[in-house]
Each structure stands twice: as structure tokens, then as C-alpha cells.
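Work through the exercises below with the sequence and the model open. Each task is followed by a solution in steps.

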Amino acid sequence: MFEQELTSLILFHLEEHRSGQELLQFLDDDDVARKIVGAPDGIKQSTFYEAINTRGLDQMIHVFTELHRLACDTLPVMHERLGTIVAIDGSLIEATLTMEWADYRGGTKKAKAHVGFNLNQSIPSKIYLADGKSDERPYVSTILKPGETGVIDRYYQCYRDFDAWQAENKHFVCRIKAGSLKTCIKEHTVAPEGPVFYDAVVLLGTKGINQTEKPVRVIGYRIERKTYWLATDRFDLDNEDIMAIYKLRWNIETFFGWWKQHLNVYHRLARSSYGMMVQLLAGLITYLLLAIYCHDEFKEPVSLKRVRQLRNAFRTESRYPDYEPRESMIWGQNSKNHSFAKT
């Protein structure tokens, strides 16, 4: 049953288990956990792993999509004036040598999650899974919708892509290498005492070899003796806004770290690409539920403090033999009346 599969994976992340065996033992030992999952006799090991590796992916995608929509309707928009801004980055996942699909380099196996992170509301918006050596740049166009701005690091610098994204009406703020060749079309005045020392409309690259066909805006600035160069097609914002957008990119790194450390998303429950995608989606769903829960209950962003309080609530209430778990403890107050919660 899909609901049991999803709810058990949410418990896996909330309770910070490190293996499927540990989760199954937890279900055997804890009456409340079994009630929450809806498996009064627990879950057999073979059933659990077979379900993750062969069933539920389409439903996971549906739940994640609907829950993201609900989160977007629920959570405050923090940077509305800047438009919809999405940080895009890849995150490597350690794999076993038997995971042949997770190619990385000789003797090493890794998978890579390509993630879009909605910076306006600090929630994940898209995810794709590939082998560890997959190129990250093609995922920018896949993750972004027309009108959105992708916020990306130097690895994504590609002049052909800069042209293509503009043709698709997909905007970008991309850090570029300091030595990138610039042919100036129009230079803007910058404040002499401010952090920005360069702001111009240019063609990037070498003419006849790799030069951009469409002009881009390049901004150079210094923060605490460190120099940054950004390329963007956001001609509508001032240079301090462009700086602010790129600074927000760090939020996706914070998310990756929090996701790995406090929800144990990268502790493998499956070795197939299908099963790993199911697990990753369950981790994203858990995070979205936490985001909605923390906002509804406390008007706060997700925090370890609130996760620990939620874990303690499970453990405290599990001492009472007649306890009936509240649906909102897993699904969140807003989500329980939505059809996806019972897909």
C-alpha cells in the first residue's frame, strides 16, 4: 500500500534512522509508529525493500508536486520584488560498487541529484537523478520555467547556454571566471565607494569561436577582499539586487547540508536508480511537510529545534497505550484535507 510506504519513509527521515533495518526494528518495537504507518503487525523486510525498488515512484512524484504547490500557496514570498529565483546545483551521493548505473570514475560509484531550490520560499522545487559524472548544465533549462531566474555557480558558465536560456525566456545570474573575455557594448556608472567596481553590457567570449550572440550584463564586485564576477540577463535590476540574488544561492548549500545531516536522506535504502529516486522524493516530501508544519504552528522556517520537538512528541505520546496518532503529526494541518495525502 503506497500510504504505508510513504509514511514509513517519512518516519525514517524524521527519526533520523541510518538503515532500513533500523527503521523496521523501530516499527517492530513501537506501537505508535505502527499506528502512524498503518501496519499493526509491522512491515516485513522483503516487502519493504521490494516496494521501494519497484513501486510508488509515480505516486511519489504526484505527492511531491502537489505538496510543493500547497507549500507555494502557504509559505510567505520573501523576495517577490526580485521575481521567481531558483538556485540550481548538483549533489553527489555515495554509491556501492554494485550500483553499476551510478558511474563516476574508475573504482568509484556515485549518483548525482540535480536540484532546483525555490529561493523565494526556501523550499525544493525540482529534482532529477543521474550518474555521478553527468553534466549539470543541461538541467538548468529543464528545471527553470519561462520567466524564472536560475542562480548558478561558475561550473554552469557556458556562452551557448546563455544565448539559449535567453531565447527560452529563462533568466540567469551566473558566477563566471575572472578572466572571461568581455567585449564592452555599454558601461554603466558605479558608485566610487561601493562594492561594485564594474557594471557593463558586453559580449562574452572570443569572436568567431565562442562569443555570445546576445548581450549579457556583467557585474564585478568585492566583498571582504574577495572578488566576484556575475553574468546575467536581468537588465531590469540594479547591481545591488544582482549581488543579493547571487548571495541567496548559498541557501541551496545550506539545504543540502541540513537535508543530509538532520534527515539522513543520503543513507541508502535502495541500490537501484528507481529506489533511490523514491527515497530522495520521500526526503523532499518530508522537508516540505516540515516547512508547512513550522509555518502553520510557529510562523517560522524549518529548524532542528522544531524537528526535535516533533520527535519528542512521538516518543512522549508513545508511552500511552490508548494513544491514537493525529494525522497532522505526519501530514501537517493544511495537507490532511487534500487528496494527495491519501493517494
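## Exercise 1: a charged network and its surroundings

Asp-89, Asp-153, Arg-249 and Glu-253 are linked in a network of salt bridges (a salt bridge is a side-chain nitrogen of Lys or Arg within 4 Å of a carboxyl oxygen of Asp or Glu). The model is predicted: local features need pLDDT of at least 70, side-chain atom pairs count only at pLDDT 80 or more, and totals for chains, interfaces and linings use all residues. Residues are numbered from 1 along each chain as its sequence is written, and side-chain values use heavy atoms, with hydrogens and water left out.

Task: find which side chain of opposite charge is nearest to Arg-175, and list what Arg-175 contacts.

Step 1. Check burial and charge. Arg-175 is buried yet has no salt bridge. Buried means under 20% relative accessible area, exposed over 50%, and partly exposed in between (1.4 Å probe, protein chains only). The nearest side chain of opposite charge is Asp-153, 4.5 Å away, where Lys and Arg count as positive and Asp and Glu as negative, His and the chain ends not being counted. Asp-153 is also a member of the network above.

Step 2. List the contacts (heavy atoms within 4.5 Å). Leaving aside neighbours within four places in sequence, Arg-175 is in contact with Ile-152, Asp-153, Arg-154, Gln-157, Lys-226, Thr-227, Tyr-228, Trp-229, Leu-230 and Tyr-246.

## Exercise 2: salt bridges and accessibility

Step 1. Lys-109 is buried at 14%, Glu-100 is exposed at 55%, and Asp-103 is partly exposed at 25%.

Step 2. Asp-236 is exposed with a relative accessible area of 55%, whereas Arg-234 is buried at 7%.

## Exercise 3: buried faces of helices

Task: identify which residues of H4 are buried and what covers them.

Step 1. H4 spans residues 45-54, and its buried residues are Phe-48, Ala-51 and Ile-52.

Step 2. Seen down the axis of H4, these residues fall within an arc of 95°, so they line one face of the helix; the arc is that of the directions from the helix axis to the C-beta atoms. An α-helix has 3.6 residues a turn, so residues three or four places apart point the same way.

Step 3. The cover includes helix H1 (2-14), helix H2 (20-29) and helix H10 (273-298). Just after H4, Gly-56 takes a positive phi of about 95°.

Task: repeat the analysis for H7, asking which residues are buried.

Step 1. In H7, Tyr-159, Asp-161, Phe-162, Asp-163, Trp-165 and Gln-166 are buried.

Step 2. Their cover includes helix H6 (138-143) and strand E5 (149-152), as well as E6, strand E8 (196-204), strand E9 (216-223) and strand E10 (226-232).

Step 3. Asn-169 lies in the loop between helix H7 (159-167) and strand E6 (171-175). Asn-169 has a positive phi of about 60° although it is not a glycine, and is partly exposed at 41%.

## Exercise 4: nonpolar cores

Task: state which residues touch the most other members of the largest nonpolar core.

Step 1. A nonpolar core is a set of buried Ala, Val, Leu, Ile, Met, Phe, Trp, Tyr and Cys residues joined through side-chain atoms within 4.5 Å. The largest has 85 residues, and Met-60, Ile-127, Trp-259, Leu-280 and Ile-285 touch the most other members.

Step 2. H10 gives the largest share of this core, 16 residues.

Step 3. Apart from this core lies another of 23 residues, among them Val-86, Ala-130, Phe-162 and Trp-165.

## Exercise 5: confidence

Task: find where pLDDT stays under 50.

Step 1. The mean pLDDT (the predictor's confidence in each residue, from 0 to 100) of the chain is 90, and 92% of its residues reach 70 or more.

Step 2. Residues 327-333 stay under 50, with 23 contacts beyond four places in sequence. Residues 335-343 are also below 50, with 21 contacts beyond near neighbours in sequence.

Methods
Helix = DSSP H or I, 4+ residues; strand = E, 2+ residues; numbered from the N terminus.
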